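The following exercises concern one protein chain and its coordinates. Please work through each task before reading its solution.

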Amino acid sequence: MKVLVPVKRVIDYNVKVRVKADRSGVDLANVKMSMNPFDEIAVEEAIRMKEAETATEVIALSLGPTQSQETLRTALAMGADRAIHVVHDGDLEPLAVAKMIARIVAEESPDVVILGKQAIDDDANQTGQMLAGLLGWAQGTFVSKIEAANGSLKVVREVDGGLESVMLTLPAIITVDLRLNDPRYASLPNIMKARKKEIAKRTPEELGVDVTPHLKVVSVEEPPRRKSGIKVGSVGELVDKLQNDAGAI
């Protein structure tokens, strides 16, 4: 089984995001970037599948600027076999990303595509579903457990009412949730080896995908600061505050 894992370069989740002075977007200058946490979980799961001999090859794929190569090298250091970089310096919308991944899928013929359920920069949660629609493949979203079963994959999905088990026929698309696994730390020797590995480069033009944005960001603003709380002396005062001040009841 060949596994393709798309990964995205995003602002590190420990960094406090700053909005540009002109409110045109998020300030990326001198900001630590890293692999999207959900995608990191996807890479870990693909590597575990290979270690269990369920998968035979793990391919990491990233779409974005030149710096995305560092994200791919992280995936290689974790244990991915090879990497593909679709180089593009501008913004990429989920549909364009899904179309380019679909083109790579046509070339590589993977049995499974595993990716994070969403990226923490735009929180779109669209790419996996769009990719499944474009390919006409089975899909399992918000997955917290994956098991191989007689040439199929049994996945457990996290849904509003609890958990849902789904049997996916291959080929399939899987988007993973936080509780699937805990990603490993890449060892120093593997990091050094990953720096020497060649990354195959492609462009949207080569793949025949128009990446012209269809959406325009009008303004980006920080959320309002939370007001400080107050203490109440009795249940009656609490009910009064909730009813008259907060309008909650």
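**Exercise 1. Pairing in the sheet**

Which residue in β5 is the bridge partner of G64?

Solution. The model is a predicted one, in which local features need pLDDT of at least 70 and side-chain atom pairs count only at pLDDT 80 or more, while totals for chains, interfaces and linings use all residues. Residues are numbered from 1 along each chain as its sequence is written, and side-chain values use heavy atoms, with hydrogens and water left out.

Step 1. The partner of G64 in β5 is V87. This bridge belongs to the parallel pairing of β4 (residues 57-64) with β5 (residues 82-87), which runs over 6 bridges.

Step 2. An antiparallel counterpart is found in β8 (residues 152-159) and β9 (residues 162-169), paired over 8 bridges. There V156 stands opposite S165 of β9, and a hairpin leads from β8 to β9 through 2 residues.

Step 3. The strands belong to an open sheet of 9 strands with mixed pairing, in the order β9-β8-β7-β10-β6-β1-β4-β5-β11. β9 and β11 each have a single partner strand and stand at the edges, so one side of each lacks a neighbour in the sheet. On average, neighbouring strands of this sheet are turned by 35° against each other, direction ignored; the axes are lines fitted to C-alpha atoms, for helices over the stretch in contact, and angles run from 0 to 180 degrees between N-to-C directions.

**Exercise 2. Salt bridges**

How many salt bridges does the rule count? Examine three of them and the accessibility of their partners.

Solution. Step 1. The rule requires a side-chain nitrogen of Lys or Arg within 4 Å of a carboxyl oxygen of Asp or Glu. The count comes to 21 salt bridges.

Step 1. D12 and K32 meet in a salt bridge with an N to O distance of 4.0 Å. Both D12 and K32 lie in the loop between β2 (9-11) and β3 (33-35), so the pair ties together parts that are 20 residues apart in sequence. Classify the partners by relative accessible area (1.4 Å probe, protein chains only): buried is under 20%, exposed over 50%, partly exposed in between. D12, at 8%, is buried, whereas K32, at 54%, is exposed.

Step 2. R184 and E44 form a salt bridge at 2.7 Å, N to O. This pair links distant parts of the chain, 140 residues apart: R184 is in the loop between β10 (172-176) and α5 (188-196), and E44 is in helix α1 (residues 37-51). R184 is partly exposed at 26%, and E44 is buried at 2%.

Step 3. In the salt bridge of R202 with E107, the closest N and O atoms are 2.5 Å apart. R202 in strand β11 (residues 200-202) and E107 in helix α3 (residues 94-108) are 95 residues apart. E107 is partly exposed, with a relative accessible area of 45%.

**Exercise 3. Backbone exceptions**

Where is a cis peptide bond found, and which residue has a positive phi of about 50° although it is not a glycine?

Solution. Step 1. Recall the background: most residues other than glycine have a negative phi, and most peptide bonds are trans.

Step 1. The cis bond joins L170 and P171, with omega about 0°. P171 is placed in the loop between β9 and β10.

Step 2. The residue with a positive phi of about 50° is D123, found in the loop between β6 and α4 (127-135). D123 is partly exposed, with a relative accessible area of 44%.

Step 3. S109, likewise not a glycine, has a positive phi of about 55°. S109 is in the loop between α3 and β6 (112-116).

**Exercise 4. A distance along the chain**

What separates the C-alpha atoms of G208 and P6?

Solution. Step 1. G208 lies in the loop between α6 (204-207) and α7 (235-245) and counts as exposed at 53% relative accessibility.

Step 1. The C-alpha atoms of G208 and P6 are separated by 19 Å, and the two residues are 202 residues apart along the chain.

Conventions:
Two strands pair if DSSP finds at least two bridges between them. Helices (H or I, at least four residues) and strands (E, at least two) are DSSP runs, numbered from the N terminus.
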